Amino acid sequence: MKLLTSSLLLAVTGSLIIGCNASKKTTSTTSSIPSLRDAYKKDFLIGTALNNSQIEQRDSAANSLIIHQFSAATPENIMKAQIIHPEWDRYNFDLADKLVDFGKKNDIKITAHTLIWHSQLPNFMRNIKSADSVKMYFENHITTVASRYDGKVYSWDVVNEALNEDGTLRNSIFLQKLGPDYIVEAFRLAQKAAPNTKLYYNDYNIEQPKKRAGAIEIIKKIKAAGVRIDGVGIQGHWNMNDVPLDKVEESIKEFSALGVEVMFTELDLSALPNPRGRNNSADISNTAAYNEAINPYTKEFPDSAQQKLAKGYEDLFKLFLKYKKNVSRVTFWGVDDAQSWLNDFPVRGRTNHALLFDRKLQPKQAFYSLINLKK
Ligand code: XIL
């Protein structure tokens, strides 16, 4: 919980101010840099996660970069229940409304994230014990938020992270109080509230066979109930030294065979070693202790590492292009390295280099390798 609160605070106050080069961002002339959204225009949408500062357009250099590079965006935090629905009968739509305007003005498709998730829930949910109250929250929340943005956002991550690694359902408050059909019910309510919005299931590690089988079961169950699901989001929080290419390819094939869009929704490749004994997991409560050995690039990110990162992204994008008929969007979980949640997850206070733009908003080798793929 401590991590959650503090990282949320960082998200609320804007970019992370950690490690090297985090002081002032230099202004870069974005027009001289090629555009990813243009390069991949005929293939799939290129998205980014946006934090509060970016949604409020506080930094003009960052703002022009975002507009120039991305055709899709997902709010990193502000549409999560904890923020958009802080009290039982109070909603806070200010920043989400701003994001919708920003998207409209700049032809950036917004994926709202997320309606039903066990993390970053409002505080009042902690005190709710009765199944009836959870049901009432569930119905009110989905109906109120999804209907407000129907046709204004392009898509919703309706349910996020409902699965355990072995493909069984996570023992969340929703499973406990509403039973295993809650996922179908969430989609049913979302379909009613947002008939003009695409509806997705989103999770991490669902490229891994067991968890993937769980996701396939979820999708089949929703469809069997006659309820709409348009796509599945594979989050894509991986390590640059261990990109699961074969499993990603199998997943694209298996999910597409179900007749849903496949998306990579939170892509980042950590450049730092995993803490010992910890499996790769994006579960935000699964954290580890700091030590210097797992924070090697505080001063610089050497060429050899730049190359590895570039190769990781390049291999992935070659695959995405091979399946461009099935892959509708690839979204990076952040614009630049200073913003990335991986500076504080799973270990607080590290200097990660997981994205395409560095702390000065300059494109890295990985960026050019993705541009070059399209030349
Ligand atoms: C992360 C945000 O990036 C952080 O700012 C926040 O403190 C915690 O959540 N899976 C998801 C995202 O679906 O919502 C999470 O985002 C990362 C893992």
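**Entry 1: the model.** I noted before anything else that this is a predicted model.

Entry 2: Which atoms does the ligand meet? I started with histidine 113, where a polar side-chain atom sits 2.7 Å from an oxygen atom of the ligand. For lysine 80, I got 2.8 Å between a polar side-chain atom and a ligand oxygen. A nitrogen atom of the ligand also turned up, 3.0 Å from an N or O atom in the side chain of glutamate 161. How much of the ligand's accessible area does the protein cover? On its own the ligand has 420 Å², and the protein covers 97% of that.

**Entry 3: salt bridges, the count.** Next I turned to charged pairs. Side chains of opposite charge can pair when their charged atoms come close. I found 21 salt bridges in the structure, and I went through a few of them.

**Entry 4: arginine 90 and glutamate 87.** These two side chains form a salt bridge, with 3.1 Å from N to O.

**Entry 5: glutamate 165 and lysine 211.** Here the N to O distance of the salt bridge is 2.8 Å. Glutamate 165 is in the loop between β4 (155-160) and α8 (173-178), while lysine 211 is in helix α10 (residues 209-224), so this pair ties together parts 46 residues apart in sequence.

**Entry 6: glutamate 254 and arginine 212.** I stayed with helix α10 for one more pair. The side chains of glutamate 254 and arginine 212 meet in a salt bridge, 3.1 Å from N to O. This one links distant parts of the chain, since glutamate 254 belongs to helix α11 (residues 245-256) and arginine 212 to helix α10, 42 residues apart. Glutamate 254 is partly exposed, with a relative accessible area of 36%, but arginine 212 is buried at 3%.

**Entry 7: a network.** Last, I looked for salt bridges that share partners, and found that they join Asp43, Lys324 and Lys374 into one network.

Key
Residues are numbered from 1 along each chain as its sequence is written. This is a predicted model: local features need pLDDT of at least 70, side-chain atom pairs count only at pLDDT 80 or more; totals for chains, interfaces and linings use all residues. Side-chain values use heavy atoms; hydrogens and water are left out. A polar contact is a pair of N or O atoms within 3.5 Å; within protein, one must be able to donate a hydrogen and the other to accept it, and residues adjacent in sequence count only if both atoms are side-chain atoms. Accessible areas come from the Shrake-Rupley method with a 1.4 Å probe; for residues, only the protein chains shown count as cover. A salt bridge is a side-chain nitrogen of Lys or Arg within 4 Å of a carboxyl oxygen of Asp or Glu. Helices (H or I, at least four residues) and strands (E, at least two) are DSSP runs, numbered from the N terminus. Buried means under 20% relative accessible area, exposed over 50%, partly exposed in between (1.4 Å probe, protein chains only).
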